[in-house]
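Subject: Handover of a structure for your study

Dear colleague,

I am handing over to you the structure shown below, together with an account of what was found in it. Please keep it open while you read.

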Amino acid sequence: MTLPPAAVSAAAPPAPPRRRRRRRLVIALVTIPLAVIVLLVGAAGIWFATNAVRATPPPAGTLDFSAPLAVPPLAPSRVEHGVRVFELTPQEGSSSFVTGGETPTLGYDGAYLGPTLVAQRGETVRVDVTNGLSDPTTVHWHGMHLPAAMDGGPYSPIAPGATWHPEWTIDQPAATLWYHPHLHERTREQVDAGLAGMFLVRDEEESALPLPREYGVDDFPVIVQDRSFHSDGSFAGGLGMQFDGVLGDTILVNGTVAPYLEVGTERVRLRLLNGSSARMYDLAFADGRPFDLIATDGGLLEEPVRATDIPLSPGERAEIVVAMSPGERVVLRSEAPDPALHAGSAAFDVMELRAAASLTPSPEVPTRLANLPAADDADAATERTFVMSGHSINDREMDLGRADVVATVGTSEVWTVRNGNPLPHSFHVHDTQFRILSVDGAPPPPRLAGFKDTIALEGEREYRLLVRFEDYADPTTPYMYHCHLLWHEDQGMMGQFLVVEPGQRPDLKRPEGDTDDRHDH
Ligand code: C2O
Ligand code: CU
Ligand code: CU
């Protein structure tokens with residue numbers, strides 16, 4: 001603050017009474033603006049707190065589970081010249097979530113969310129995406145290892161009415177991946193309106209294990225989102241806008257409010273996806289029963305991790321297998337994940353599992369699931385540091401005109417990611433599945449020991465990641481890394497990386513039709 005001129009002349013020696021009057025004037029000139037600032041900050045604090053409370057789901061134990069869980073249909077496909085071809089049409093629709101009225105929503109091939117794509121490792125797939133929206137959109141294959149030009153980030157906008165034909169060969173272990181729009185600065189808006197779906201990769205190793213895998217029978221997608229509604233039924237997008245973005249007071253699972261799932265087998269596999277734009281969950285069963293965590297973002301863990309809860313930040317996935325007894329009911333809920341992030345948040349209900357009176361037997365979960373390569377940083381080509389703070393990474397905001405990182409194909413790097421804020425962020429890297437080497441210098445907990453593409457960054461902590469750039473060199477089209485709190489991402493908490501051949505010069509191109517001018521300042 002610049003002091004008013006009076007403060008300067010007050011140092012001169014005028015007559016004592018005048019001096020006192022001057023001093024009073026100086027004090028007033030300094031304290032009144034200060035008081036106004038304090039009042040404004042206080043008011044903003046109350047506004048934030050009030051909104052946080054409004055955006056809190058009802059406490060655990062109060063939901064009546066009245067609707068059967070919607071299970072997204074499997075996406076149809078055909079094989080053309082050896083290529084498995086899917087079609088996806090983002091479109092407008094309306095959905096019945098609340099009694100106040102229909103909610104205008106977006107979905108792929110339907111009103112809300114999208115079908116589940118399934119492909120086998122080794123298959124070449126193509127997805128013909130026809131944009132049925134009145135706005136541009138993109139489709140990003142989150143967790144997929146593929147060429148940057150097929151990645152569906154801000155470099156691949158699809159104009160209304162246009163069709164985009166990404167094609168790539170599935171070359172990664174069986175995993176629960178997902179897809180969603182990634183339009184420059186408009187990701188949150190389109191994802192929150194309903195554009196998201198799952199993409200399951202299968203492979204021989206996973207298929208050989210005695211695990212539940214019959215889709216919609218003993219293997220279910222569980223896409224967890226939080227939304228708020230206006231009284232007319234429309235989504236209340238701006239409510240609860242806090243540091244971390246939008247928090248909703250209503251939990252949707254696969255687009256169903258307060259769902260129950262009828263279970264007919266002794267064990268059921270749940271593919272949990274935090275599809276929310278900002279909310280962190282800590283999913284657990286209300287009776288505290290343990291379950292087996294078998295896979296994380298990039299696929300199977302080496303062995304199941306016996307756990308009673310699984311924290312998930314936006315974009316993260318976890319596959320769990322839970323045992324049920326005939327006739328019982330148990331609620332899957334979220335424990336209060338982080339009081340610092342979600343003020344006033346307590347445990348809240350997500351969905352109820354209802355076991356049939358007699359259950360089909362399921363085999364026991366195998367004690368060994370996969371062989372993962374050792375997470376060894378000995379031959380890392382380079383080390384980089386990413387400090388996540390406010391809405392920027394290393395004090396820089398997303399710039400389509402700048403390649404923040406240029407990596408060499410066929411190498412691994414150590415990325416040290418530090419959350420510079422007391423509140424959580426997350427970190428997601430396109431194209432690759434990384435390993436966590438350490439959290440604040442200590443080995444990661446078993447649940448974080450497998451392949452990951454997104455991790456929650458707890459406040460003020462440091463995570464060392466081993467990131468591998470296996471193939472697909474392209475000096476022109478970048479991949480993204482970013483905070484997956486979608487509001488942060490849209491605000492510019494994102495960077496771009498190129499993967500090039502050894503010695504190749506980066507030659508970053510700009511996305512078609514890009515009108516962003518932020519790189520100019
Ligand atoms: Cu699911 Cu770049 O994100
Ligand atoms: Cu992604
Ligand atoms: Cu963030």
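Two residues are said to be in contact when heavy atoms of theirs lie within 4.5 Å of each other. In that sense, and leaving aside residues up to four places away in sequence, valine 350 touches Phe65, Val224, Ile251, Val253, Pro259, Leu283, Leu332, Arg333 and Ser334. Please note that the model is predicted.

The chain as a whole

The chain has 521 residues, of which 54% are buried. It contains five helices and 34 strands. Of the contacts between residues at least 6 apart in sequence, 77% join residues that are at least 24 apart.

The six-stranded sheet

Strand β24 also takes part in an open sheet of six strands, whose order is β1-β16-β24-β23-β18-β21 and whose pairing is mixed. At the edges stand β1 (67-68) and β21 (309-312); each has a single partner strand, so one side of each is left without a neighbour in the sheet. The partner of β1 is strand β16 (residues 259-265), and the two pair in the parallel sense over two bridges. Alanine 67 has proline 259 of β16 as its bridge partner.

Strand β7 and its partners

Which strands pair with β7, and in which sense? Strand β3 (residues 83-88) runs parallel to β7 and is joined to it by six bridges, with glutamate 87 opposite aspartate 128 in β7. Strand β10 (residues 167-169) runs antiparallel to β7, with three bridges between them; here arginine 126 is bridged to glutamate 167 in β10. Strand β9 (residues 163-164) also pairs with β7 in the antiparallel sense, over two bridges, and tryptophan 164 in β9 is the bridge partner of valine 129. Strand β7 (residues 124-130) is mostly covered, as five of its seven residues are buried.

The five-stranded sheet

A further open sheet has five strands in the order β27-β34-β33-β29-β31, again with mixed pairing. Its edge strands, β27 (405-408) and β31 (454-457), each pair on one side only. On average, and with direction ignored, neighbouring strands of this sheet are turned by 30 degrees against each other. Strands β29 and β31 run antiparallel and are joined by four bridges; serine 426 stands opposite alanine 456 in β31.

The copper site

Which residues coordinate the copper ion (ligand 3)? They are His425 (ND1), Cys483 (SG) and His488 (ND1), at 1.9 to 2.2 Å. Along the chain, these donors follow the spacing H-x57-C-x4-H. Histidine 425 belongs to strand β29 (residues 425-429) and histidine 488 to helix α5 (residues 486-491), so the pair ties together parts that are 63 residues apart in sequence. Histidine 425 and histidine 488 are both buried.

Yours sincerely,
A colleague

Terms used
Residues are numbered from 1 along each chain as its sequence is written. Chains are lettered from A and ligands numbered from 1 in the order in which they are written. This is a predicted model: local features need pLDDT of at least 70, side-chain atom pairs count only at pLDDT 80 or more; totals for chains, interfaces and linings use all residues. Side-chain values use heavy atoms; hydrogens and water are left out. Buried means under 20% relative accessible area, exposed over 50%, partly exposed in between (1.4 Å probe, protein chains only). Donors are N, O and S atoms within 2.8 Å of the metal (3.2 Å for Na, K and Ca); water is not among the atoms, so sites may look incomplete. Two strands pair if DSSP finds at least two bridges between them. Axes are lines fitted to C-alpha atoms, for helices over the stretch in contact, and angles run from 0 to 180 degrees between N-to-C directions.
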